[in-house]
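Thanks for coming. Please have a look at it first.

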Amino acid sequence: TERNIDGALTGLRYACFVDVNGARPALVLMRDRFRARTGEAVTAEIVLAYDAVMLLATAAREAGSQRQAIRDYLASLGTTRASYRGVTGDIAFDEHGDPRPSYCLAEVTAQGARVIQSRGTQ
């Protein structure tokens, strides 16, 4: 929304996968540390990429570095193993290997984006 200088996007609604302004403690910590180190605000892409890398590293540490072992570890999250607690929220998959859906409905305002409603996010 920093590019909404003339207000042309005000009122536009869109779906997002994470509320980067959320109050989840791990997200707040990451957001503050990122801004302190870079001077920039985090984006949804940054926090999602962070969670993906950390999840894969955890899977490799706990299950081993073989592709099938990592795949099995990921597939077990939320079924036979606890969900992975990422900065964006809990990461889990259903019995078919599909991710449990979580998303936000956001709206562009003159001050920035605001989350209107969320499902499965914390």
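A patch, as I use the word here, is made of residues with over 30% relative accessible area and no salt bridge, and nonpolar side chains are joined into one within 5 Å. Please keep in mind that this is a predicted model.

So, which residues form a nonpolar patch on the surface? They are F17, L48 and Y103, and together they have about 300 Å² of accessible area. Y103 sits in strand β4. Its relative accessibility is 39%, so Y103 counts as partly exposed.

Strand β4 covers residues 103–109, and T109 belongs to this strand too. Is T109 buried or exposed? T109 counts as buried, because its relative accessibility is 16% and the cut-off for buried is under 20%. Leaving out residues up to four places away in sequence, T109 touches N4, T10 and R114.

The largest nonpolar core has nine residues: L55, A59, I70, Y73, L74, L77, Y84, I91 and F93. Two elements give two or more residues to this core, namely α2, residues 44–63, and α3, residues 67–76. The biggest contribution comes from α3, with three residues.

Setting aside neighbours within four places in sequence, Y73 is in contact with L55, T58, A59, E62, A63 and R81.

Technical notes. Residues numbered from 1 in each chain as written. Predicted model: local features only at pLDDT ≥ 70, side-chain atom pairs only at ≥ 80, totals over all residues. Heavy atoms only, no water. Core = buried A, V, L, I, M, F, W, Y, C linked by side-chain atoms within 4.5 Å. Buried < 20%, exposed > 50% of the residue type's maximum accessible area, 1.4 Å probe, protein only. Helix = DSSP H or I, 4+ residues; strand = E, 2+ residues; numbered from the N terminus. Contact = heavy atoms within 4.5 Å. Patch = residues over 30% accessible without salt bridge, like charges linked within 9 Å, V, L, I, M, F, W, Y side chains within 5 Å. Areas by Shrake-Rupley, 256 points an atom, 1.4 Å probe, with all protein chains shown as cover. Salt bridge = Lys/Arg side-chain N within 4 Å of Asp/Glu carboxyl O.
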